[in-house]
Amino acid sequence: MKKLNVFSFVLALVLALSTLVIGVSAADGIAKSDNVVFVANAGNDSNAGTADAPVATLQKAVEKLAANGGVIVVMGQVTIEPTTNVMPTHSGVITVTSFYDGVDYRAQRYGSDATCARLIFNQGSANAFAFQGDYVFDYIDFCVPSAAKKSPAIAGYWNNATFGANIKTVYEGIDGVEWFDRSFNDYVDTNKRNYAPYYIAGQNSSNIGIEGDYVITDDVVLNFAGGDWMSVRIGDRDIVMRNTVDCNVTLNISGGSYAYWTGNYNNGSATNLSVMGTYQISTGEKFVGNINITGGDFYGEISAFGNVGTAGKPNGDCTQNGVINVNVLGGTFYRDRDAKGPQLVASQFAPGSFANLTYGAKSAVNFNIDASKITLEGAVPVLTVLGKDGVNTFVNVTEKSDKVVIDASVAEANVKYGPLAGETPVTTEPVVTTEAVVTTEAVVTTAAVVDTTAATVDTTAAVVDTTAATGEVTPPTGDGSLLAVFAAAAAVCLGAVVVIKRKEN
């Protein structure tokens with residue numbers, strides 16, 4: 001069985017500021033790097049990749065940085081075609097930007113380009129972009145041509161990814177129009193619609209030929225601080241086999257806009273899921289999905305266990321044995337496309353109701369909500385939390401509030417009002433983990449070295465406990481299984497201690 005190339009994160013904290021993560025100042029964009037390649041459509045792949053002689057494709061730029069990572073500067077229009085949408089395998093972290101060393105290429109045109117620098121997803125299908133390594137994107141425009149008639153899918157293949165606060169999504173012919181201000185199904189202009197991109201943490205269709213099923217065992221961290229997205233999904237999309245995730249997957253959302261997915265999988269009625277904790281995958285008992293929301297605009301539902309695929313197909317069967325923690329510590333919530341109020345949903349489907357879906361005894365969903373930190377758009381009355389028959393669901397809200405309503409589908413005994421687990425410091429010498437492997441072999445980005453000589457966090461943060469990955473089904477009353485999540489939230493603007501362990505596959 002061919003395995004994916006995946007990094008292992010021992011500790012991951014919430015992304016608050018893209019400048020903090022990638023070590024740059026807003027005044028200068030991405031800092032100067034020893035490993036840098038420039039790219040523009042008007043370049044040539046036989047060029048050296050300098051500012052005076054850029055390469056022509058993003059694939060070639062990645063290839064030149066394959067050994068150690070570095071910075072790719074999109075200095076002109078760069079189009080990702082169906083024939084160039086799979087990036088080469090690489091080591092290290094690659095940062096993709098259009099604002100480098102004080103020069104903002106988003107404000108100037110290169111050669112005969114019709115527009116300023118941007119990354120163009122020129123796809124007639126949903127197979128838009130596939131990673132085979134870790135990436136950071138910031139200070140860059142994503143462009144979706146109106147002729148594409150399809151939301152481009154960016155597939156991470158279980159690699160780590162960061163999308164900074166300075167990402168802008170633009171559309172051909174309607175540059176600058178905020179797509180989420182309009183109905184998703186309305187035409188903005190004749191035969192023009194705003195198709196926002198969506199992110200898939202795993203494998204997308206047949207982008208990369210991986211035969212058979214596989215098990216992901218190395219932790220994955222995804223950070224979203226900006227950009228306009230149709231949805232973010234932790235899982236695979238439309239692949240032949242059902243794959244299993246048996247590790248920690250952390251999704252940190254601190255900014256950006258998330259509209260809705262208009263699929264018709266919810267027992268025949270349209271769904272409007274903007275964030276899915278699982279998507280067309282099975283989960284093992286070691287799986288812990290942490291969805292940490294500290295900011296952003298949400299126009300659709302947030303589901304812990306999401307879509308599971310199509311019944312009757314080889315990838316239809318789905319078994320969930322893991323735990324998902326949905327931690328809502330901020331953000332603004334709006335009505336969705338069906339004029340429904342925002343919802344947090346334990347599972348899109350009840351066990352046995354679709355595609356042979358089953359839940360293990362230790363599987364659970366924990367919703368943790370700070371009612372004082374969420375914002376409801378004027379026309380939205382409440383944020384509703386829904387359980388699902390047969391799914392162990394627990395809810396912890398900081399206080400009883402008109403903002404948050406717990407549906408009767410959640411057992412009353414599983415609802416708690418009061419401080420969230422991990423809010424109160426337990427010790428003055430926080431323990432990061434009992435199994436941390438400290439190494440200086442890798443850093444988060446090439447632009448800023450993260451200190452790995454000390455495995456400590458701010459003393460106001462909660463204890464991070466390795467029991468977070470045990471999968472124990474207990475109400476969210478302060479047990480160790482959630483402390484790691486809220487330690488991350490507490491440290492959001494203070495930086496991160498990240499220890500990376502490379503697993504060779």
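**Strands and salt bridges in a predicted model**

Q: How many residues of strand β27 (residues 301–305) are buried?
A: Strands here are DSSP runs (E, at least two residues), as helices are (H or I, at least four), and both are numbered from the N terminus. Buried means under 20% relative accessible area, exposed means over 50%, and partly exposed lies in between, with a 1.4 Å probe and protein chains only. The model is predicted, so local features need pLDDT of at least 70 and side-chain atom pairs count only at pLDDT 80 or more, while totals for chains, interfaces and linings use all residues, and residues are numbered from 1 along each chain as its sequence is written. Strand β27 is mostly covered, and the number of its five residues that are buried is five.

Q: Which residue of β27 stands opposite methionine 276?
A: Two strands pair if DSSP finds at least two bridges between them. Strand β23 (residues 273–279) runs parallel to β27 and is joined to it by three bridges. Opposite methionine 276 stands, in β27, serine 303.

Q: Which residue of β31 stands opposite phenylalanine 305?
A: Strand β27 is also joined by three bridges to strand β31 (residues 343–347), and these two run parallel. In β31, the residue opposite phenylalanine 305 is serine 347.

Q: Which strands stand at the edges of the open sheet of four strands?
A: The sheet has the order β4-β8-β11-β14 with parallel pairing. Its neighbouring strands are turned by 25° against each other on average, direction ignored, where axes are lines fitted to C-alpha atoms (for helices over the stretch in contact) and angles run from 0 to 180 degrees between N-to-C directions. Each edge strand has a single partner, so one side of each is left without a neighbour in the sheet, and these strands are β4 (77–80) and β14 (167–171).

Q: Which residue of β11 is the bridge partner of leucine 119?
A: Strand β8 (residues 118–121) and strand β11 (residues 140–144) run parallel and are joined by two bridges. The bridge partner of leucine 119 in β11 is phenylalanine 142.

Q: What is the N to O distance between aspartate 370 and lysine 373?
A: Aspartate 370 is buried, with a relative accessible area of 5%, whereas lysine 373 counts as exposed at 51%. Their side chains meet in a salt bridge with an N to O distance of 3.7 Å.

Definitions and conventions: Heavy atoms only, no water. Salt bridge = Lys/Arg side-chain N within 4 Å of Asp/Glu carboxyl O.
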